[in-house]
Amino acid sequence: MPEFAGASAAARRLGFDPVIRLAGGRAVAYDQTCLVIDLMAPLALFDNHIAAFDAGAACFRDVLSDLGIDARVGPVPGEYCAGAHSVNARGQVKIVGLAQRAMRRSRLLTACIVLETPDRLRPVVDAVYSAMKLDWSRESLGSVRDEGVQGSLDEVVHELVTGLQQRHAAWALPQKTIVDGVLARVARIRADSPAASSP
């Protein structure tokens with residue numbers, strides 16, 4: 001976008017380094033109060049990117065629900081990097097943003113979870129979105145902490161990661177028959193590869 005340079009300068013003025021996310025999407029602000037989680041899966045595990053988004057969003061919704069949050073899948077009015085598979089609280093504030101990139105043989109689903117009250121994030125999103133001539137509402141940005149989750153930051157991260165470990169099968173292994181098919185295909189590719197016969 002032609003406004004990219006101006007948006008990058010605005011971010012730097014507020015102490016944020018601009019980077020290009022592998023998964024793409026609109027501008028997002030991260031700092032030490034955010035948890036970024038990348039989930040990888042073979043491309044063939046899902047028929048299309050919508051099915052992968054559905055599974056991933058449901059996984060994060062359920063983990064947040066386990067923490068006592070009224071978590072739902074879907075956008076809220078005025079959210080940054082708007083998407084149908086955002087995970088929100090109460091249908092009012094966005095807590096988790098999801099983005100995805102399909103590569104040759106694998107799929108990346110990346111999630112940013114805002115943990116603490118995002119007082120430092122709102123000004124930089126204001127500045128960047130203003131520079132890029134994009135609309136957003138600062139009231140749409142929420143956090144795990146603002147939804148009443150207690151404990152230290154490390155404890156909250158531990159609960160989230162533990163919950164994802166327990167529910168990760170919903171993302172990575174949706175059906176055993178598909179997994180068996182993927183493994184068989186990988187074995188055939190290896191057998192046909194010139195590297196397979198190398199000493």
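**Burial, salt bridges and cores in a predicted model**

Author: Lysine 94 and glutamate 79 are both buried. The model to which this applies is a predicted one.

Reader: What makes the contact between lysine 94 and glutamate 79 a salt bridge?

Author: The closest N and O atoms of lysine 94 and glutamate 79 are 3.5 Å apart. The limit for a salt bridge is 4 Å between a side-chain nitrogen of Lys or Arg and a carboxyl oxygen of Asp or Glu, so the pair qualifies. Lysine 94 belongs to strand β4, whereas glutamate 79 lies in the loop between β2 (71-73) and β3 (87-89), so parts 15 residues apart in sequence are tied together.

Reader: How many salt bridges does this rule give?

Author: The count is eight. One of them joins arginine 120 to aspartate 31, with the closest N and O atoms 3.6 Å apart. Arginine 120 is in the loop between β5 and α3 (121-131) and aspartate 31 is in the loop between α1 (4-13) and β1, so this pair ties together parts that are 89 residues apart in sequence.

Reader: Why is aspartate 31 called buried, and why is arginine 120 called partly exposed?

Author: Aspartate 31 has a relative accessible area of 14%, and buried means under 20%. Arginine 120 stands at 40%; partly exposed covers the range between that cut-off and the one for exposed, which is over 50%. The two partners therefore fall into separate classes, aspartate 31 being buried and arginine 120 partly exposed.

Reader: How do you know that arginine 145 and glutamate 116 form a salt bridge, and where do these two residues lie?

Author: Their side chains meet at 3.0 Å, N to O, which is within the 4 Å limit. Arginine 145 is in the loop between α3 and α4 (153-167), and glutamate 116 is in the loop between β5 and α3; the pair links distant parts of the chain, 29 residues apart. Arginine 145 has a relative accessible area of 23% and is therefore partly exposed.

Reader: What makes β1 and β5 paired strands?

Author: Pairing requires at least two bridges, and nine join strand β1 (residues 34-42) to β5, the two running antiparallel. Valine 36 has cysteine 112 of β5 as its bridge partner. Strand β4 (residues 93-102) also pairs with β5 in the antiparallel sense, over seven bridges; here valine 96 is partnered by isoleucine 113 of β5. A hairpin of three residues connects β4 to β5.

Reader: Why is strand β5 described as mostly covered?

Author: Of the nine residues of β5 (residues 106-114), eight are buried.

Reader: What makes up the largest nonpolar core?

Author: This core has 26 residues, and those with the most contacts inside it are Phe60, Leu64, Val96, Ile113 and Val144. Two or more residues come from each of β1, α2 (49-66), β3, β4, β5 and α4, with α2 giving the most, namely six. Leucine 64 is in contact, beyond its neighbours within four places in sequence, with Ile69, Ala71, Val87, Ile95, Val96, Val144 and Leu160. Apart from this core lies another, of 17 residues, among them Phe16, Cys34, Tyr80 and Cys112.

Reader: How do you know on which side of α3 its buried residues lie?

Author: The buried residues of α3 are Leu121, Arg122, Val124, Val125, Val128 and Tyr129. They cover an arc of only 165° around the axis, which puts them on the same side of α3. An α-helix has 3.6 residues a turn, so residues three or four places apart point the same way. The elements that cover these residues include α1, β1 and β5. Just after α3, lysine 133 takes a positive phi of about 60°.

Reader: Why is arginine 122 counted as buried?

Author: The relative accessible area of arginine 122 is 15%, and the cut-off is 20%. The side chain of arginine 122 reaches the backbone oxygen of arginine 138 at 3.0 Å. Contacts of arginine 122 beyond four places in sequence are with Trp136, Arg138 and Leu141.

Reader: What makes the pairing of serine 137 and glutamate 139 a polar contact?

Author: Their side chains are joined at 2.9 Å, and the limit is 3.5 Å. Serine 137 lies in the loop between α3 and α4 and is partly exposed, at 23% relative accessible area. Not counting residues up to four places away, serine 137 touches Pro77 and Gly78.

Key:
Residues numbered from 1 in each chain as written. Predicted model: local features only at pLDDT ≥ 70, side-chain atom pairs only at ≥ 80, totals over all residues. Heavy atoms only, no water. Buried < 20%, exposed > 50% of the residue type's maximum accessible area, 1.4 Å probe, protein only. Helix = DSSP H or I, 4+ residues; strand = E, 2+ residues; numbered from the N terminus. Core = buried A, V, L, I, M, F, W, Y, C linked by side-chain atoms within 4.5 Å. Contact = heavy atoms within 4.5 Å. Polar contact = N/O pair within 3.5 Å; in protein donor to acceptor, adjacent residues only side chain to side chain. Arc of directions from axis to C-beta.
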